[in-house]
Amino acid sequence: MTQDDPITAIKLRLQFADDAVFGPGKAALLEHIHAEGSIAAAGRLMGMSYKRAWSLVEEMNRSFTTPLVLSARGGASGGTAQVTPTGAEVLAAYRALEKVLHSKGAGPLAKIRAHLQTGGAV
């Protein structure tokens, strides 16, 4: 978001040649898994089903050379999950790219925003 225009937001979505995708949702899921130690709990915090959260974790793990999340099945108390060092590195690099985009993108964003119709949908 820009300071002058709290409605405008920049969201970074990386799409690689092999169709691997990493964006704000997967980044947030990794952060929640790290904080909660659980894929199910992370999904609940994001308003998604366990199945959807697990599907995103599997997709991330398939896309990278080493898994971003390790999980262990649980019994009655549930399983556990942890973000791997690779997952932490990918997340940190993604957040660093976001910071660059927000700091260096304010000028170009303002130029684009200036051409939008007031109240118009894009």
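## Exercises on a predicted model

Aspartate 19 is found in the loop between β1 (14-15) and β2; strands (E, at least two residues) and helices (H or I, at least four) are DSSP runs, numbered from the N terminus. This is a predicted model, in which local features need pLDDT of at least 70 and side-chain atom pairs count only at pLDDT 80 or more, while totals for chains, interfaces and linings use all residues. Residues are numbered from 1 along each chain as its sequence is written, and side-chain values use heavy atoms, with hydrogens and water left out.

**Exercise 1.** Describe the phi and the exposure of aspartate 19.

Solution.
- Step 1: Phi of aspartate 19 is near 70 degrees, a positive value in a residue other than glycine.
- Step 2: Most residues other than glycine have a negative phi.
- Step 3: The relative accessible area of aspartate 19 is 59%, so the residue is exposed (exposed means over 50%, buried under 20%, partly exposed in between, with a 1.4 Å probe and protein chains only).

**Exercise 2.** Classify the pair of phenylalanine 22 and phenylalanine 64, and locate both residues.

Solution.
- Step 1: Rings of Phe, Tyr and Trp (its six-membered ring) pair if their centres lie within 6.5 Å; planes under 30 degrees apart count as stacked, over 60 as edge-to-face and the rest as tilted.
- Step 2: The structure holds three aromatic pairs.
- Step 3: In this one the centres are 6.4 Å apart and the planes of phenylalanine 22 and phenylalanine 64 stand at 90 degrees, so the pair is edge-to-face.
- Step 4: Phenylalanine 22 is in strand β2 (residues 21-22) and phenylalanine 64 in the loop between α3 (50-63) and β3 (69-75), 42 residues apart.
- Step 5: Phenylalanine 22 is buried, at 1% relative accessible area, whereas phenylalanine 64 is partly exposed, at 23%.

**Exercise 3.** Do likewise for phenylalanine 22 and tyrosine 94.

Solution.
- Step 1: This aromatic pair is edge-to-face, with 5.2 Å centre to centre and 75 degrees between the planes.
- Step 2: Tyrosine 94 lies in helix α4 (residues 85-114) and phenylalanine 22 in strand β2, so the pair ties together parts 72 residues apart in sequence.
- Step 3: Phenylalanine 22 and tyrosine 94 are both buried.
- Step 4: Phe22, Phe64 and Tyr94 form one aromatic cluster.

**Exercise 4.** Where does α4 bend, and which of its residues are buried?

Solution.
- Step 1: The bend at a residue is the angle between axes fitted to the seven residues ending there and the seven starting there.
- Step 2: α4 bends by about 60 degrees at glycine 105, and proline 108 follows within four residues.
- Step 3: The buried residues of α4 are Gly87, Val90, Leu91, Tyr94, Glu98, Gly105 and Leu109.
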